[in-house]
There are 2 protein chains.
Amino acid sequence: MSAASEARSGRGKIAAMSDEVVDSNPYSRLMALKRMGIVEDYEQIRRKTVAIVGIGGVGSVAAEMLTRCGIGKLILFDYDKVELANMNRLFFQPDQAGLSKVDAASSTLSFINPDVVIETHNMNITLMDKFELFLERLQKGSLSGDQPVDLVLSCVDNFEARMAINKGCNELNHIWIESGVSENAVSGHIQTIIPGETACFGCAPPLVVASQIDERTLKREGVCAASLPTTMGIVAGMLVQNTLKHLLCFGRVSMYVGYSALEDFFPTWEIRPNEQCEDRHCLLRQREFRAHPVSRKRDFLKKDDAATSGPTVHEDDFGIELVSETAPADLTDDTQVSKGLRTEYAATSTHSGELDSGDAVEDAGESLEDLMARMKKM
Amino acid sequence: MSAASEARSGRGKIAAMSDEVVDSNPYSRLMALKRMGIVEDYEQIRRKTVAIVGIGGVGSVAAEMLTRCGIGKLILFDYDKVELANMNRLFFQPDQAGLSKVDAASSTLSFINPDVVIETHNMNITLMDKFELFLERLQKGSLSGDQPVDLVLSCVDNFEARMAINKGCNELNHIWIESGVSENAVSGHIQTIIPGETACFGCAPPLVVASQIDERTLKREGVCAASLPTTMGIVAGMLVQNTLKHLLCFGRVSMYVGYSALEDFFPTWEIRPNEQCEDRHCLLRQREFRAHPVSRKRDFLKKDDAATSGPTVHEDDFGIELVSETAPADLTDDTQVSKGLRTEYAATSTHSGELDSGDAVEDAGESLEDLMARMKKM
C-alpha cells in the first residue's frame, strides 16, 4: 500500500527559498510574511529543528504544518500504529492503517515537502533506555548534528510521557511546549515551559493525582476517549503558531492558551514555578534563574525596534487598511495562579444545564500552595 | 497522477455508525461523544448537508474535518486550480497541482471517507447564471434532493464572493457562517449570520470601502498575500466546531470569534442588524424577525434539559475528573457594537513596537450608525 502511495510523483527539492510570485513556488505565500512586515528573516526556518513527541491527532497535524512551512528538520517520536479508529482526526489516511505512525508520517511529510529532513524514532520514550536516546537526540539533533534541537513539542496523550519530557527538558534546561486535548474532545490547551522561569509540568500537576488511565487502559475496558478533528486541529494550530513565533521572532509567545469549544473561550495566563517542586532539576533551574534573572520569554511585541522605518500598516482580506491595536492587557497578561488553575481543568456540562463550578476549585484567590495542599489530602 | 492516487486502496463503505471500540472502527472516537455527555444523537450527522463556498486554505480543511466527522453530504463550490503555491496550507498535495480544487478535494475526501456524498461545482458563483444554480443547490441540495442544505460555510478570499453569498442567504433566509483570514496571515475570524436577527455581511461592511483588491489583482502585480497553515487551520477548526455545535445541538454557537495570532487573542461578540442595510432582503428579514422575534441562535448551554439524569462528570486527558465551569459571561456575551467593530479589523504592528489604536475606530461607545456615517465621509 505504501509503495502505491510512494509511486505518486511529488515535486523536486528546492535549493533556496524564493519570494517570486509564480504558481510553481511553494514558498511564495510564506516569504510574503517578510513584505507584510510580520517576519524579518523567514528563510532562517530552514536552519531550525523541532522535535515532536507523539504523532497522533495533534502531533501529526503539527508536523504537517511545520513541513508545509518549510522547517529544516523534524524529529518524530511515537511507538503506536495507525488504525482506522484514528481516521476521525486529520492527517493519516485509511491506506496507512497498520503502519507505524512515524513511518506513515515520514512518508506523507516527505511527499508534501521533500526539502524537510525527517528523522523518526519508533519507540516509547518513557522506557529507561529509550529515554537516554531521547535526551541524546534533543541534545544533538540539529541539522549540523552537534547542536540541540530548537524546540520540543509535546503532543502525547498520557501523564507518564508528559512527565518524561518534563524531566528531560528540566535536566537539559530546554524550552518546550506542552499540548493536550480533553477526553471529552471539547477542550484543549498549549503551555510553554521555560525551566526555572515558568512552572514545569511537575510544579503544577493536574489538580487530582493522575489515575494512570490512558487510552490503552480505556480501550481494554471497551471504552475510548472521544476526539474531534476540530479541537485537535485548533490545538495543533496554536502549538505551531507559537512555535513559529518562537523560532522566527515575531509576536508574543504565549505561556498558556486554553480552548473551551462549547463556548469558544480561550483563557491565557502564566504559572510561576513551585519552590517545592519534586523535580530536583526544576529546583536547580529556579535557583539559576533567581541568580541570573534573564528571561527567555519571547515577546517581540514589546521590542522597540530602531531599525524599522515606522508603523506598519497591513491590509486585511477585503483589501482594507487596518489600524493597529492590542488586546486588553488583562486578558493576555494574567498571572494570577488561582484563576489559571481554576480554568485549566474546566469542562462544561452540556446536558445538565447546570454550570456550577465544582467545589474543589471554586474559590478565587487561592494560591498554588493552597491548591497543592488540598490535592495532597485527596 | 490522480489515477495513481486513486489506485491506493482505502476502506469500504460502512452502512451504519457503530460505537464499538475496535481499531477498525473509524467512528468509535466520534460516537464516544455520546457516552461523554457532549452530543445526544451523533448519528444524525449522516443526514446533514453542508455547502462550502471556496475550497482554499480554509475551505479544504473545513471539508476534510466534516468528512472525517462523517457528515452526510458536502456541496463544494470553487473555480480555481490547485497550484504548488498553495502547498503552504494543509490538505492539497503536490501531485494535485493543475487539477481543479473541487475535483482534487472530492478525490481526497472520498478516499478518506467513502460514506460521505460529495457534490462539486467548478464555477464562480458571482457570475449571474452561476448564482442562480448556486441558489438552487442551497434550496434543493439535501440528501433527499428536495430540501435546503443544513448550513452554508463561506471560505472565500474576496469581498465580491462574500456579498454574493450574503445576497443569496438573505433572499433564502438561510443561516451561514462566514470566515476570513487577513492578508498578513496573522489574524482571522468566523461570523455566524442569521438573516434578520444578526447583522448581515452588508449591514456591517468593512470599515473602509473595499478597494477590490483580491488575490488575482495582487498576483498580476507580482505580489501575493501571505498565508500560514496555522492561522487557516485554526479558522477552519473554529468554523467546523461551530458547524458541529449547530448541526448536533451542543454548546453555544458563537456569533463571532476573532483570532489575533500575534497575541493569541480571540475576541467574541455579536453585531445587531443595521436598519439602513442596502440589501432589501435583509430589511425584509429584519421586519419578519421584529414581527415574530423567535431566535434561531443555537445555545444549548442555557437549555434546561429535563431528559438528562443529572450533571455529567467528564475526565480529561490525564484521567482526572473534571468540574463543570463556564466562561466569564462578559467575554462571551458582549453585544456592544462599538467594541465589536473596534476589534474586528485589528492587526498588530510587529516591527514598529507601537500599539496605538487607529483614530478612525478609537473611541469606545460609538454606535454602528456613527461608524457608518464616518465611513461614508471617507
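In chain B of this predicted model, strand E2(B), helix H4 (residues 101–112) and strand E3(B) together make a right-handed β-α-β unit. Helices (H or I, at least four residues) and strands (E, at least two) are DSSP runs, numbered from the N terminus, and a crossover is right-handed if, with the strands pointing away from the viewer, the path from the first strand over the helix to the second runs clockwise. Local features here need pLDDT of at least 70 and side-chain atom pairs count only at pLDDT 80 or more, while totals for chains, interfaces and linings use all residues, and side-chain values use heavy atoms, with hydrogens and water left out. Residues are numbered from 1 along each chain as its sequence is written, and chains are lettered from A and ligands numbered from 1 in the order in which they are written.

The two strands of this unit, E2 (residues 73–78) and E3 (residues 117–122) of chain B, run parallel and are joined by 6 bridges; two strands pair if DSSP finds at least two bridges between them. Along this pairing, Ile75(B) stands opposite Glu119(B), and Asp78(B) has Asn122(B) as its bridge partner. Strands of a sheet pair through backbone hydrogen bonds, either parallel or antiparallel.

Strand E2(B) also pairs with strand E1 (residues 49–53) of chain B, in the parallel sense and over 5 bridges, and here the bridge partner of Val53(B) is Phe77(B). Between E1(B) and E2(B) the chain passes through helix H3 (residues 59–68) of chain B, in a β-α-β crossover that is right-handed. How many residues of E2(B) are buried? The count is 6 of its 6 residues, where buried means under 20% relative accessible area, exposed means over 50%, and partly exposed lies in between (1.4 Å probe, protein chains only). In a regular strand the side chains alternate between the two faces of the sheet. In E2(B) both faces are covered, with Lys73(B), Ile75(B) and Phe77(B) buried on one side and Leu74(B), Leu76(B) and Asp78(B) buried on the other.

Turning to chain A, 7 strands form an open sheet with mixed pairing, in the order E3-E2-E1-E4-E5-E6-E7. The edge strands of this sheet, each pairing on one side only, are E3 (117–122) and E7 (256–260) of chain A, and neighbouring strands are turned against each other by 15 degrees on average, direction ignored. An antiparallel pair is found where 6 bridges join strand E5 (residues 176–181) of chain A to strand E6 (residues 187–193) of chain A, with Gly188(A) as the bridge partner of Val181(A).

Helix H8 (residues 229–248) of chain A packs on the sheet and touches E1, E4, E5, E6 and E7 of chain A, and its direction makes about 170 degrees with that of E5(A). Such axes are lines fitted to C-alpha atoms, for helices over the stretch in contact (heavy atoms within 4.5 Å), and the angles run from 0 to 180 degrees between N-to-C directions. Helix H3 (residues 59–68) of chain A lies across E1 (49–53), E2 (73–78) and E4 (151–154) of chain A, running at about 165 degrees to E1(A). All 20 of the 20 residues of H8(A) are buried, so this helix is largely enclosed by the rest of the structure. Just after H8(A), Cys249(A) takes a positive phi of about 60 degrees.

The helix H8 (residues 229–248) of chain B holds Lys245(B), which is buried with a relative accessible area of 0%. Leaving aside neighbours within four places in sequence, Lys245(B) is in contact with residues of both chains, among them Glu263(A), Asp264(A), Arg252(B) and Phe300(B).

Two further residues of chain B have a positive phi although neither is a glycine: Phe91(B), at about 90 degrees, and Asp264(B), at about 55 degrees. Phe91(B) is placed in the loop between E2 and H4 of chain B and counts as buried at 5% relative accessibility, while Asp264(B) lies in the loop between strand E7 (256–260) and helix H9 (280–291) of chain B and counts as buried at 1%.

Finally, the structure holds 0 disulfides over all chains, a disulfide being a pair of cysteine sulfur atoms within 2.5 Å. Cys169(A) is in no disulfide, and the nearest cysteine sulfur, that of Cys200(A), is 10 Å away.
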